[in-house]
Amino acid sequence: MSLLPRTAEEFSSAEYWERFFKKRGEKAFEWYGDYNKLCGVLHKYIKTQDKVLVVGCGNSELSEQLYDVGYKHLTNIDISETVVTHMNQRNAERRPGLTFQQVDATQTPYEDASYQAALDKGTLDAMASEEEGALARNMLTEVGRVLSVGGRYVCVTLAQESVIKLAVEQFVQLGWAVRLHCLQEESGKDEDSFALPVFVLVCTKFRQPMPTPILEMCLGEDGAPNRLTQVTELLTAVRERQAYSVLRKRLRTGTDASSNLSLTLSHAKTGLPRYTLTVQDSPPGAKVPRSNLFAIFIVPQGSETAWLYSSSEGRRQLAASANFRRLVIVAMHRNQEYTDMQAVQSELSPMVMDLAPPGMPDNQQVPFLSVGGDLGWREVVSRGVSELSGEYCVENVRGEDGELYRRLVFLSNAALVQSESRLVSSNNASSHKKKNKKKAKPTALPTTSSTSLSVDSGFLCCAHHEIMVAGLAMLGVGMPQNKDVSVSVLLVGLGGGGLPQFLRDFVPGVAVEVVELDPAVLEVAKGWFGFRPDDRLTVTLGDGLERICDLEKKGDRFFDVIMFDVDNKDSTLGMSCPPAAFVETPILQKVRSLLTPKGVFILNLVCRDSALRKSVLERVSAVFPTILSRKIEGEVNEVLLCSRGENETSDAASILPTLNQAAKNLQSALFSNRTGDKRSPHIDIAELLKDLKVA
């Protein structure tokens, strides 16, 4: 390892290479692969009769091997006097026609258009870091000068981004055609094998510069060229191949149950993401049958956000259930078409062995696993762009329970379902219309399918929404003494509108004000989730914090319940719900002042950072002395039920025993106030409150 450069700049230092070759001596340093690895692509672009300039030849055996197979017109140049002397001595008897000259590649003595090919193995990489790339540009200019029309610059490179960008941009500006081959790596199962792939850059000189850049990327020496339109696209493709090679190296040389290595495979023609593969290894000591080394699990479309597939703990549970040493979990992307399971297997099979665990025989068959043997079903019914949150889509999916669901997903965080509602056929939903005309019926929704669908307003898909509703038991909703008492709710965060509509449709005497920041979300809720405001369900468009401050300043409205169900758009923080500003002490104090004496503050908290969670709880408890918490199994969410502490039994521990009867009364009230269709509210208040704990 002492022979390797300490910094990238050392690659282009004549003194470094002088020291390097003196130390290396007779041993050829095939840093970028040997003849056997490179011969296919070299023979494709360089003819045996071509006059070839080999720039920065070093002590590589490549020129000698090319000479031996018929390339008799090679001119080898290098800046190192030591290597030139050594190589001439080594080849004087066996290869008298093979010459080596000490020449600076940026200032050669050769005539214009005197060569049909220029071969560069690592020299560009060495020069590109010198003088901010000026040395490499000079070398490339010199190569362009000595090449004839139709001549090719063939460069073997590791394709460091700054290096490949420099070369490609220079040749594109000259109007040359540019093609980049990513050579397939060897298995590299040993720890000492090189992780990064080797690329071969081929730039062809035209008599007349090309008006439109020709940029192509090929996988392997014979891979079909993929035409690209911009240099940035080529650089992205290079980075993806390099990242994949490093990942592949890690997977082939070790296992790690604690890591969640993943990669995304894109469509070859469109470049759009098609599959995301996540690798889950079994923990050390797990009792896995010797034959169960490796398997692929296909996640049904529409289920990729489920806890079992999207969380680290869920994937570990899935892998333990499958009982393989390594399980690769494959998620399919929206906006892509998949024919059937067989087609997916055929598409993935050529590359799955790259992800196999150490010791996996190359010829062993890899099983593909799935739920029920099918790919699931997804239908995108709407797309749009929010000025605040970016691109979004509305999609219908079939859940693993066989039911249809509608989801709102912002593509900036495609793994997170923003809102979800269960769908039913409008024919079924309206079949009981005549039995009770006065009560509300579901609203039919637009759909691309032949069957008209509507949202089941009695079904809350999100567990934290169910708990927020159950939290009304702390207020005594449904108790006999509160039979005709109205309930005022302020809810920050609309989503698809499922929670506020449930409150309006099933909670007796309720009036709900929803504050929503994003107008696009309100339009989606109305257009695709059947959201219909009325005099008991109103929407205020604006910032939730500003609304709270404004209400507190006016001091003329108070609420029995204030709910925060608003997400944080900054995914870098450890708390994804709510934004940090919503749980700062001044805002919490304003929330408290807006509550009626027996009012309840209900907070959906999603915090992965334990220290941050502790800090939030300390701030909330400083304002609300009575706090009950309900965590949701399999999710990060927990719901905090916070009371002002002005009840007769204000201590949180003393409240818990009284909630059993309150839960029964609330459940009865919800059912007695249900809508006129056949569906009832699908909620079990007592079960939801059973696992409440003092925060």
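A contact here means heavy atoms within 4.5 Å. The model is predicted: local features need pLDDT of at least 70, side-chain atom pairs count only at pLDDT 80 or more, and totals for chains, interfaces and linings use all residues. Residues are numbered from 1 along each chain as its sequence is written, and side-chain values use heavy atoms, with hydrogens and water left out.

**View 1. Contacts of leucine 503.** Leaving aside residues up to four places away in sequence, leucine 503 touches Val469, Leu472, Val489, Val510, Val512 and Met563.

**View 2. The nonpolar cores.** A nonpolar core is a set of buried Ala, Val, Leu, Ile, Met, Phe, Trp, Tyr and Cys residues joined through side-chain atoms within 4.5 Å. Buried means under 20% relative accessible area, exposed over 50%, and partly exposed in between (1.4 Å probe, protein chains only). The largest core has 56 residues, and Leu503, Met563 and Leu670 have the most contacts inside it. Helix H15 (residues 519-528) gives the largest share of this core, six residues. Another core, of 43 residues, lies apart from it and includes Leu135, Val143, Ile164 and Val231.

View 3. Helices (H or I, at least four residues) and strands (E, at least two) are DSSP runs, numbered from the N terminus. In H4 (residues 81-91), the residues Val83, Val84, His86, Met87 and Asn91 are buried. They lie on the same side of H4 because they cover an arc of only 165° around the axis, taken from the directions from the helix axis to the C-beta atoms. Glu81 and Gln89, on the other side of H4, are exposed.
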